Amino acid sequence: MKFQFLSKESILFVCLGGVFISNALLAEFIGVKIFSVEKSLGLVASKVPFGPFDMTAGVLLWPFVFVLTDVINEYYGKRGVFFLSVFTAILISYSFLVVKLSICAAPASWWPKVNTDKNINDMQMAYQAIFGQSNWIILGSLIAFLIGQILDISVFKMIKRRTGEKLVWLRATGSTLFSQMVDSFVVLFVAFYLGAGWPFSVVLSIATTNYVYKVVLAIVLTPLIYLTHALIDWYLGIELSQKLKSKALKS
């Protein structure tokens with residue numbers, strides 16, 4: 001199918017933006033779960049040095065969001081990334097509002113007991129417990145997301161202005177590592193230390209594990225960044241690709 005009414009660069013922006021927004025939204029909603037890294041890998045927690053390692057489920061997707069941030073920044077500049085970041089924050093806020101309205105809707109009389117055979121005695125309470133994230137979690141997520149994006153955009157641009165088209169890995173990984181350090185600690189501090197009253201040591205432990213995971217994945221995903229650039233250059237063509245990169249750098 002040919003989208004003749006859209007240019008190649010427009011189709012690319014829509015596709016990258018769609019994946020970016022989808023991952024950000026999913027990360028927000030699954031982030032309420034705290035899971036054990038050791039147990040998930042089939043390890044005995046007591047035998048793992050420096051453990052336990054607990055992370056929020058949402059952190060699984062955030063590295064991909066920041067990789068996409070760097071790819072979009074490369075071809076559409078800080079204006080393109082900033083637009084997507086603000087738009088995503090609006091969509092996240094809208095999503096939480098809709099979920100809260102759905103929680104407030106009175107359940108059908110039979111629905112709360114529909115899964116008693118699965119040891120879920122009250123579906124309404126389960127629904128609210130999973131989706132009814134506190135205002136502090138929502139606030140912390142949005143603040144951390146926007147701060148992280150602004151830092152990622154700024155560091156990426158600063159490195160690229162000094163290195164030009166060379167060292168893609170340095171600007172992509174470097175900007176991600178710096179921005180994620182701030183993001184990892186801000187969201188948990190606001191959401192769980194200020195909002196939920198969790199002990200600071202617990203929040204610090206989870207935030208540190210989250211960040212270490214992001215550091216490792218940022219390095220591991222470096223080949224994916226080069227592959228993504230190669231695919232985009234092939235799709236756009238060298239001439240259009242260079243034109244977009246040049247325009248993005250000047251924006």
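**Second cavity**

I started with the second largest cavity and found Pro63, Val67, Asp70, Ala172, Thr173, Thr176, Ala218 and Ile225 lining it. I'm working on a predicted model, where local features need pLDDT of at least 70, side-chain atom pairs count only at pLDDT 80 or more, and totals for chains, interfaces and linings use all residues. Residues are numbered from 1 along each chain as its sequence is written, and side-chain values use heavy atoms, with hydrogens and water left out.

For the record, on a 1 Å grid over the protein atoms alone, a cavity is a set of points where a 1.4 Å probe fits but cannot get out; a pocket is an open set with protein on both sides within 12 Å along at least five of seven lines; lining residues have an atom within 4 Å of a point. Volume is the space filled by probe spheres set on the points, which are joined across faces, edges and corners.

I noted about 50 Å³ for this second largest cavity. Helix 3 (62-104) and helix 6 each give its lining at least two residues (helices are DSSP runs of H or I, at least four residues, numbered from the N terminus). By class I got five nonpolar, two polar and one charged (nonpolar: Ala, Val, Leu, Ile, Met, Phe, Trp, Tyr, Cys and Pro; charged: Asp, Glu, Lys and Arg; polar: the others, Gly among them).

**Largest cavity**

My search of the whole structure turned up two cavities of 30 Å³ or more. The largest has a volume of about 240 Å³. I found 21 residues lining it, with Gly31, Thr56, Trp62, Ser141 and Val187 nearest its centre. Helix 1 (8-30), helix 5 (135-163), helix 6 (168-194) and helix 7 (200-220) are the elements giving two or more residues to that lining. Helix 6 has the largest share, six residues.

**Nonpolar patch**

Next I checked the surface and got a nonpolar patch with about 1,000 Å² of accessible area together; Trp136, Phe185 and Leu204 are among its residues. Areas are Shrake-Rupley, 1.4 Å probe, with only the protein chains shown as cover. Helix 6 supplies the largest share here, six residues.

**Largest pocket**

Last, I looked at the largest pocket, with about 230 Å³ of space. Ten residues line it, and Tyr75, Tyr76, Leu244, Lys247 and Ala248 lie nearest its centre.

Key:
Patches are made of residues with over 30% relative accessible area and no salt bridge: like charges are joined within 9 Å, nonpolar side chains (Val, Leu, Ile, Met, Phe, Trp, Tyr) within 5 Å. A salt bridge is a side-chain nitrogen of Lys or Arg within 4 Å of a carboxyl oxygen of Asp or Glu.
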